[in-house]
Structure formats: C-alpha cells, structure tokens
Amino acid sequence: MEKLLGEFSLGLFIFQTALFLLLLFLLKKYAWKPILGAVNEREEGIKNALESAENAKKEMENLQADNQKLLQDARLEREAMLKEARDLKNKMIEDAKGEASIQASKIIEQAQAAIASEKQAAIADLKSQVANLSVDIAEKVVREELSNKDKQLKLVESMLSEATLN
Amino acid sequence: MQRNRIIKLTTLFILTLSLFSCNLEKEDDATIAAKKAERKAYIQHHLQDSYDFNLFSYEKDNGEKAHIGFPLPVILWDDGLKVFSSSKFHHGETVAEVGDSFYKLDHGKIYKTDATGTISYDETHHATNVKPLDFSVTKGVVMIIITGLLMFLLFRGLARSYAKNGGIAKGVGRFFEPIILYVRDDIAIPNIGEKKYMKYMPFLLTVFFFIWFLNIFGLTPLGVNVTGNIAVTASLALLTFLLTNFTGTKDYWMHIFDPLGSSLPWYGKLILYPILIPIEVLGVFIKPFSLLIRLYANMQAGHIVLMSLIGLIFLFRTWMGGAMSFGLAFAISLIEILVALLQAYIFTMLSALYFGFAAEEHDHHEEAHAH
C-alpha cells in the first residue's frame with residue numbers, strides 16, 4: 001500500500017484526468033457521435049430495406065393472389081357463359097323442335113282438312129256427276145221406255161207402287 | 001505429424017545448442033549479485049514514469065553510461081512556477097539548478113536539495129527532503145498525448161469516411177468499426193440497456209481504446225508503462241466512479257440505502273441495516289477501486305514478468321538458457337498481447353456493468369405484484 005502511494009504521482013494523475021476528459025469530449029463530438037450515428041443510420045437503412053423488400057414480397061404475393069383470383073373468376077365466368085350458351089342452345093333446339101312439331105301438326109291438320117274438303121268436293125262432284133249420269137241414263141232409258149205405250153204405263157205403275165204415299 | 005516433427009526438430013536444436021553451451025566468462029558471486037541488483041533497479045526504473053523519454057541506454061567502452069532519447073519539460077510549483085528541461089538532471093546523475101533552487105532525482109522522484117544534492121533518508125530508507133508539487137510532462141504524459149492524438153485522428157478519420165462513402169467505413173477504420181460495434185452490442189447494451197446506453201457510449205469507447213492502445217504501446221520496446229501506473233488507473237477508475245454516481249437513478253440509491261425494500265418489515269431492517277448499508281456504501285467505493293488495482297496490477301505484473309524473462313537471457317549467459325528465456329519471453333509477449341486487449345475489455349465491461357447498476361430503473365408496481 002505504501003509502495004502504491006509512493007508510486008502515485010499527483011501531476012500525472014491531473015494530466016491524465018485532464019487529457020482524458022479532453023480526449024473524451026473531442027472524440028465524443030468528432031468521432032463517436034458521427035460514427036454511432038452513421039452506423040445506426042446504416043442499420044436503420046438495412047432494416048428499412050429488408051422491411052420494404054418484405055413488403056414488396058407481400059405485395060407481390062397479394063398481386064399473385066389477385067391474379068389467381070381474377071383467373072379463377074374468369075374461368076368461372078367462362079364456364080358459366082359456356083353453360084348458359086349450352087342451355088340456350090338446348091332450349092333453342094327444344095323450342096325449335098316444339099315449334100316444328102306444332103307447325104307440322106298444323107300443316108298435317110290443314111292437309112287433312114284440305115284433303116277432307118277435297119274429298120267432300122270430290123264426293124259432291126261425283127254425286128252430281130252420278131246424278132247427271134243417272135238422269136241422262138234415266139232419260140235415255142225413259143226415252144226408250146216411253147217409246148212404247150205399255151211400257152210407259154208399266155213404269156208409271158211401278159213407280160207409283162214404289163212411291164208410297166206416306 | 002507436422003507438429004511432432006516440429007517438436008522433434010526443436011528438441012534436437014536445443015540439444016545441439018546445449019552442447020556448445022558454456023559459461024562465457026567466469027564471474028564471482030559479488031559481481032553476479034551486483035548485476036542482479038542492477039537489473040532489478042533497471043526493471044523498477046522502467047516500470048516507473050520518467051522525466052525523459054529514454055529509448056535505450058548502453059555502456060560505452062570507457063564504462064560510462066550513454067542514454068539515447070530526448071528530455072522532456074519539468075514543471076514544478078515551488079514558490080512559483082519552475083519550468084526546465086529534464087536534461088538538467090542528466091538522468092539523475094547531477095543536481096539541477098533552477099534560479100536559486102536545487103533539485104535532484106532520487107528513485108524517479110524530484111526532491112528539493114541544496115547545491116551539493118544531499119538527500120537525507122529516514123530509517124525506512126525514504127527520502128525526507130521536500131517534494132515540490134510536480135506537474136511535469138513526463139514520459140507517461142507524452143504517451144497519453146500521443147495515444148490521444150492517434151485515437152483522435154483514427155476515429156475522426158473513421159467518422160469522416162462514413163460521410164464520404166455513404167455510410168460505409170473505409171481505410172483503417174474498417175478494422176475498428178466491428179470493435180466499436182462489439183463494445184456497443186456486447187458490452188454497453190446488455191449491461192446498461194437499450195434505453196440509456198447511448199449516454200455512456202462515448203466514455204466506454206474512449207476508455208476501451210485508450211487502455212487498449214496504451215497497453216499495446218506498453219509492449220513496444222519504447223518501454224512505456226502508462227496503464228501500469230497507479231495514477232493513470234486511479235484517474236480512469238475515478239471517472240467511472242463519478243459517472244456511475246452522478247448518473248445514478250433513484251433506484252440505484254434506494255438499492256444502496258434500502259437494499260431490501262418492501263420485502264422486510266421496518267423492525268427487521270432496524271437490525272439488518274446497520275450491517276447492510278455500510279457494506280453497500282463500501283461497495284460503491286470498492287467497485288472502482290477494484291478497477292484501479294486490477295488494471296494496474298495486471299499491466300505491472302506483465303511488464304515485470306516480461307522484463308525479468310528478458311533479464312534471464314543476460315543472467316544465464318548460456319546458449320540454452322538464453323534460448324529458453326527467449327522462448328518464454330516470446331510466449332509471454334504473445335500472452336501479453338491478449339492481456340492488453342483483455343484488460344481493456346474487462347475495464348470497459350465492468351464500467352458498463354456499474355453504469356448498468358446506476359441506470360437501472362425497476363418498475364416497482366410490477367415488482368409489488370410479483371411478490
């Protein structure tokens with residue numbers, strides 16, 4: 001202890017304290033503050049860069065997800081459209097078929113009606129022709145028959161017998 | 001394999017050397033004893049601060065000692081300011097006459113004497129002459145200034161290189177930047193805490209590099225021993241002490257004067273505190289004192305060991321002894337390089353730890369809930 005005290009030099013102690021404090025303040029002002037500031041700034045910069053990279057990545061992911069969603073939507077829409085078209089087609093075919101059958105049946109009906117009326121007309125015509133023909137024949141027959149008096153009388157007789165008065 | 005071969009070769013080398021080893025000259029015991037005493041004095045002298053910057057000394061052919069170096073200014077306060085060159089002492093051999101006062105060096109200290117330079121000693125062999133107040137620019141002061149300039153230029157350069165290179169260090173600073181970051185991330189922040197560490201960073205960084213650089217300078221053949229000087233370590237420890245206690249929070253002082261807090265009723269404290277508080281108060285002083293002694297003792301011891309081992313080379317005066325001493329001195333030098341850094345680290349680390357105590361703030365509410 002005595003040796004320690006003997007070695008202690010007040011002058012050196014004061015010099016050391018003063019010089020060290022001077023060094024401390026000079027370094028603080030001109031070195032440590034700028035150095036730590038620069039290092040901090042750099043670290044902040046790195047942190048920010050990493051963060052923004054992360055954000056960009058996230059955004060990218062979001063964008064991709066959006067794209068995916070859009071694609072999905074488009075696909076769904078396409079499918080829906082296709083389905084609709086298919087349905088429409090089927091419906092149209094269906095409708096056309098229905099219309100056609102109705103039309104057909106109408107045509108058939110008209111044809112049948114036409115056929116029936118033609119038939120009627122034909123029958124009527126035939127009837128009148130047959131009547132005319134039979135009148136002609138009857139006339140000829142009558143004429144033939146009436147050329148002979150007996151026969152005329154006979155005929156009247158038969159006719160009268162036929163035509164009963166009722 | 002490689003290792004084995006090296007070991008074998010070294011052994012062979014040493015054995016061969018020992019064959020040639022012989023005492024170069026026969027010396028009687030008295031001469032050896034005198035030489036031993038001289039070496040001891042030499043080592044002692046080199047551990048102390050000195051008034052001139054001595055680079056090396058040698059013995060001339062006529063037995064006269066020659067010193068190569070340069071003198072430094074001696075500044076004394078003894079009935080007025082006295083400034084003169086230390087060359088006036090002629091390395092302690094002559095009396096320096098300044099005005100009408102006479103001064104003489106004795107064991108590295110300046111004493112006021114008469115014209116003939118008589119120094120009287122008491123029974124414990126201490127000089128009883130008057131010691132004038134001494135503010136000399138000694139070798140230690142010169143080294144402190146050199147280290148300070150070096151540090152300022154180095155770190156100013158580093159700080160500037162950031163501005164110039166867009167936040168990236170360039171030049172020598174690149175080597176020191178990771179060390180600065182280490183001090184910040186592994187010394188300051190873990191011990192002091194994220195919130196308050198910035199306040200202590202300038203001191204921690206300055207003290208770390210100051211001690212490290214001076215320790216390294218101590219290993220150079222310049223023979224400086226600044227960090228192994230008790231005045232320097234005392235000054236550094238005093239600054240840590242002042243900084244700790246002036247920045248101490250309420251919690252820090254509470255911890256000293258009310259260490260147990262609410263965990264003990266008042267009557268318990270009445271018994272324990274007369275013992276506890278003095279211990280805590282003592283601790284406030286012991287902590288920086290341990291810093292002071294640790295750095296001083298480590299550097300002093302390192303220098304003594306190293307110089308003694310180098311001295312052994314001259315003591316043995318044999319090939320083998322010389323080689324072995326050289327090997328040992330070399331190994332110790334390597335260890336000392338590590339110690340230089342280690343002591344700087346320990347001083348900074350412990351300072352940071354003490355600052356951490358001073359800066360700590362408990363959340364008392366939380367603590368109350370925890371109990």
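A residue is called buried when its relative accessible area is under 20%, exposed when over 50%, and partly exposed in between, using a 1.4 Å probe and protein chains only. The structure described here is a predicted model, in which local features need pLDDT of at least 70 and side-chain atom pairs count only at pLDDT 80 or more, while totals for chains, interfaces and linings use all residues. Residues are numbered from 1 along each chain as its sequence is written, chains are lettered from A and ligands numbered from 1 in the order in which they are written, and side-chain values rest on heavy atoms, with hydrogens and water left out.

Four of them are found over all chains in a search of the whole structure, a salt bridge being a side-chain nitrogen of Lys or Arg within 4 Å of a carboxyl oxygen of Asp or Glu. Asp95(A) pairs with Lys91(A) at 3.8 Å, N to O. Both residues belong to helix α2 of chain A and are four residues apart, about one turn of the helix; helices here are DSSP runs of H or I with at least four residues, strands are runs of E with at least two, and both are numbered from the N terminus. With a relative accessible area of 44%, Asp95(A) is partly exposed.

Other salt bridges cross between the chains. Glu177(B) meets Arg42(A), with the closest N and O atoms 3.0 Å apart. This contact runs from helix α4 (residues 173–192) of chain B to helix α2 (residues 10–146) of chain A. Glu177(B) has 10% relative accessibility and therefore counts as buried, whereas Arg42(A), at 23%, is partly exposed. Arg184(B) forms a salt bridge with Glu43(A), and here the closest N and O atoms are 2.7 Å apart. Because Arg184(B) lies in α4 of chain B and Glu43(A) in α2 of chain A, this pair also joins two chains. Arg184(B) is buried, at 4% relative accessibility, while Glu43(A) is partly exposed at 30%. Through shared partners, salt bridges link Glu43(A), Arg184(B) and Asp185(B) into one network.

A nonpolar core is a set of buried Ala, Val, Leu, Ile, Met, Phe, Trp, Tyr and Cys residues joined through side-chain atoms within 4.5 Å. The largest such core has 75 residues, and those with the most contacts inside it include Ile35(A), Phe155(B), Phe209(B) and Trp212(B). Helix α2 of chain A and helices α3, α4, α5, α6, α8 and α9 of chain B each supply at least two of its residues. The greatest contribution, 15 residues, comes from α5(B).

Of its 23 residues, 19 are buried, so the helix is largely enclosed by the rest of the structure. A kink of about 25 degrees is centred on Phe203(B), the bend at a residue being the angle between axes fitted to the seven residues ending there and the seven starting there.

Chain B also holds an open sheet of three strands, ordered β4-β3-β8 with antiparallel pairing; two strands pair if DSSP finds at least two bridges between them. Strands β4 (81–85) and β8 (133–134) each have a single partner strand and stand at the edges, so one side of each lacks a neighbour in the sheet. Two bridges join β3 (residues 73–77) to β8(B), and Trp77(B) stands opposite Leu133(B) in β8(B).
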